[in-house]
Amino acid sequence: MLEFKTLKEIVEQLKDCGYECEAGPLVNNIAFQKLAEFADVEIREQP
């Protein structure tokens, strides 16, 4: 099992897994977006 030391590490791993459900990609979920903001993780692609 992976060992995480920070919230940022956890959010980055979740972001990179590409998880999707019937509601769509995880990165589009407003709760995940807020979590990423708290963890200082960019989830939107830069233009």
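User: Buried means under 20% relative accessible area, exposed over 50%, and partly exposed in between (1.4 Å probe, protein chains only). Which residues of H2 are buried?

Analyst: Phe32, Ala36 and Ala39 are the buried ones in H2. Seen down the axis of H2, they fall within an arc of 65°, so they line one face of the helix. The arc is taken from the directions that run from the helix axis to the C-beta atoms.

User: Before we go on, what kind of model is this?

Analyst: This is a predicted model, in which local features need pLDDT of at least 70 and side-chain atom pairs count only at pLDDT 80 or more, while totals for chains, interfaces and linings use all residues. Residues are numbered from 1 along each chain as its sequence is written, and side-chain values use heavy atoms, with hydrogens and water left out.

User: OK. Which elements does the chain have, and in what order?

Analyst: The chain has two helices and two strands, running α-β-β-α from the N terminus on. Helices (H or I, at least four residues) and strands (E, at least two) are DSSP runs, numbered from the N terminus.

User: Back to H2. What sits on the face turned away from its buried side?

Analyst: That face carries the exposed residues Ile30, Ala31, Glu37 and Phe38. On the buried side, the cover includes helix H1 (7-16).

User: Which residues make up the largest nonpolar core?

Analyst: There are seven: Val11, Leu26, Phe32, Ala36, Ala39, Val41 and Ile43. Helix H2 (residues 30-39) gives the most, with three residues. A nonpolar core here is a set of buried Ala, Val, Leu, Ile, Met, Phe, Trp, Tyr and Cys residues joined through side-chain atoms within 4.5 Å.

User: What does leucine 26 touch?

Analyst: Leucine 26 is in contact (heavy atoms within 4.5 Å) with Leu14, Tyr19 and Phe32, leaving aside residues up to four places away in sequence.

User: How much of the chain is buried?

Analyst: Of its 47 residues, 17% count as buried.

User: New topic. How many salt bridges are there?

Analyst: Two, where a salt bridge is a side-chain nitrogen of Lys or Arg within 4 Å of a carboxyl oxygen of Asp or Glu. One joins glutamate 3 and lysine 5 at 3.6 Å, N to O. The other joins glutamate 37 and lysine 34 at 3.4 Å, N to O.

User: Where do glutamate 37 and lysine 34 lie?

Analyst: Both are in helix H2, three residues apart, about one turn of the helix. Glutamate 37 is exposed because its relative accessible area is 53%, whereas lysine 34, at 40%, counts as partly exposed.

User: And glutamate 3 and lysine 5, buried or exposed?

Analyst: Glutamate 3 is exposed at 66% relative accessibility, and lysine 5 is exposed at 66%.

User: What happens just after H2?

Analyst: Aspartate 40 takes a positive phi of about 60° there, although aspartate 40 is not a glycine. Most residues other than glycine have a negative phi. Aspartate 40 counts as exposed, at 61% relative accessibility.

User: How far is glutamate 20 from aspartate 40?

Analyst: Their C-alpha atoms are separated by 22 Å, and the two are 20 residues apart along the chain. Glutamate 20 is in strand S1 (residues 20-21), and at 54% relative accessibility glutamate 20 counts as exposed.
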